[in-house]
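This report is an introduction for a reader who is meeting the structure for the first time. Please keep the sequence and the model in view while reading.

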Amino acid sequence: MAAIASLQAVNLTLRRRGTRCGIAEPSGEPAPMGLKTRYDDGLVERVFMGLFARKMDKFGSKKKKETKEKGFWEYDYESFVEVSKRVMQGRSRVQQQEAVREVLLSMLPPGAPQQFRKLFPPTKWAAEFNAALTVPFFHWLVGPSQVIEVEVNGVKQRSGVRIKKCRYLENSGCVGMCVNMCKIPTQDFFTNEFGLPLTMNPNFEDMSCEMIYGQAPPAFEEDVATKQPCLADICSMSTPSSPICPKLEA
């Protein structure tokens with residue numbers, strides 16, 4: 001947890017100095033559906049992209065080992081997404097999810113999940129605190145978001161996060177990548193490793209997403225997100241004839 005806290009402190013400090021990752025659109029809001037949002041990433045955001053990409057690259061298909069390894073700050077979001085696509089190649093959906101789990105664990109110091117469980121037991125306060133932390137900490141990954149009120153087990157609490165238009169889904173255009181490389185492993189990581197239930201509900205019509213801390217996720221077979229067809233108009237890997245994205249079946 002100390003490593004995450006340190007990165008977060010650096011992130012917030014540099015944002016105050018004007019290096020904040022922001023949307024470059026004139027409106028300051030995500031671009032309408034059908035258009036890709038333009039972002040203005042600062043050094044901190046590129047370091048985060050590089051950190052995740054280099055960790056994930058260990059699981060990707062080995063193509064260009066003869067090329068010099070990039071520095072953290074040399075990655076952009078597109079190259080980060082390309083690394084994700086290579087991780088998917090030749091792996092079943094379960095193997096993809098396990099690869100992301102290993103990457104997430106490798107980002108933490110030894111014993112971090114146990115410390116998290118002690119600091120943040122599954123309470124209303126812990127759920128609301130993590131929702132609040134998600135907005136600034138994962139802006140670079142998913143784009144702008146905001147804390148919202150949700151109902152968990154009959155109790156209203158501000159432990160929801162609404163992502164306006166998910167940057168990862170927008171750039172990948174792939175339902176399978178959204179579910180296998182983000183939604184399922186993130187839910188599983190918080191629920192089973194950290195002991196804090198999390199449900200993520202992506203909306204494939206407008207690319208928004210709702211995260212609900214404190215709510216246990218549904219089983220894979222009962223999750224509506226796992227029954228989605230390809231986004232044929234924007235996904236380069238799509239199979240339009242299939243009623244469900246093939247990457248969710250294998």
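## A predicted model

The structure discussed here is a predicted model, and the descriptions that follow should be read with that in mind.

Strand β3, which covers residues 145-152, and strand β4, which covers residues 155-163, run antiparallel and are joined by seven bridges. One of the residues that can be followed across this pairing is Ser145, whose bridge partner in β4 is Ile163. Two residues lie between the strands in the hairpin of β3 and β4, and in this hairpin Asn153 takes a positive phi near 55°.

Strand β4 is also joined to strand β6, residues 209-213, by four bridges, and these two strands likewise run antiparallel. In this second pairing, Arg162 has Glu210 in β6 as its bridge partner. As a general point, the side chains of a regular strand alternate between the two faces of the sheet.

## The largest nonpolar core

The largest nonpolar core of the model holds 61 residues, and within this core Phe80 and Tyr213 are the residues with the most contacts. Helix α9, which spans residues 175-193, gives the most to this core, contributing nine residues.

What does Phe80 touch, when residues up to four places away in sequence are not counted? The residues that Phe80 touches are Met49, Phe52, Ala53 and Met56, together with Trp140, Leu141 and Tyr168.

## Helices α5 and α9

Two packed helices are described by the angle between their axes and by the distance between the axes. For helix α5, residues 112-119, and helix α9, the axes come within 10 Å and cross at roughly 70°. Angles of 65 to 115 degrees count as roughly perpendicular, and α5 and α9 are therefore roughly perpendicular to each other.

On the α5 side, Pro113, Phe116 and Arg117 meet Phe190, Thr191, Asn192 and Glu193 of α9. Sorted by class, the contact of α5 with α9 has three nonpolar, two polar and two charged residues.

## Ala232 after β6

Ala232 is placed in the segment after β6.

Although Ala232 and Gly173 are 59 residues apart in sequence, their C-alpha atoms are 8.7 Å apart in space. When neighbours within four places in sequence are left aside, Ala232 is in contact with Ser238 and Pro240.

Technical notes
Residues are numbered from 1 along each chain as its sequence is written. This is a predicted model: local features need pLDDT of at least 70, side-chain atom pairs count only at pLDDT 80 or more; totals for chains, interfaces and linings use all residues. Side-chain values use heavy atoms; hydrogens and water are left out. Two strands pair if DSSP finds at least two bridges between them. A nonpolar core is a set of buried Ala, Val, Leu, Ile, Met, Phe, Trp, Tyr and Cys residues joined through side-chain atoms within 4.5 Å. Buried means under 20% relative accessible area, exposed over 50%, partly exposed in between (1.4 Å probe, protein chains only). Contact means heavy atoms within 4.5 Å. Axes are lines fitted to C-alpha atoms, for helices over the stretch in contact, and angles run from 0 to 180 degrees between N-to-C directions. Angles under 35 degrees count as roughly parallel, over 145 as roughly antiparallel, 65 to 115 as roughly perpendicular and the rest as oblique. Ala, Val, Leu, Ile, Met, Phe, Trp, Tyr, Cys and Pro count as nonpolar, Asp, Glu, Lys and Arg as charged, and the others, Gly among them, as polar.
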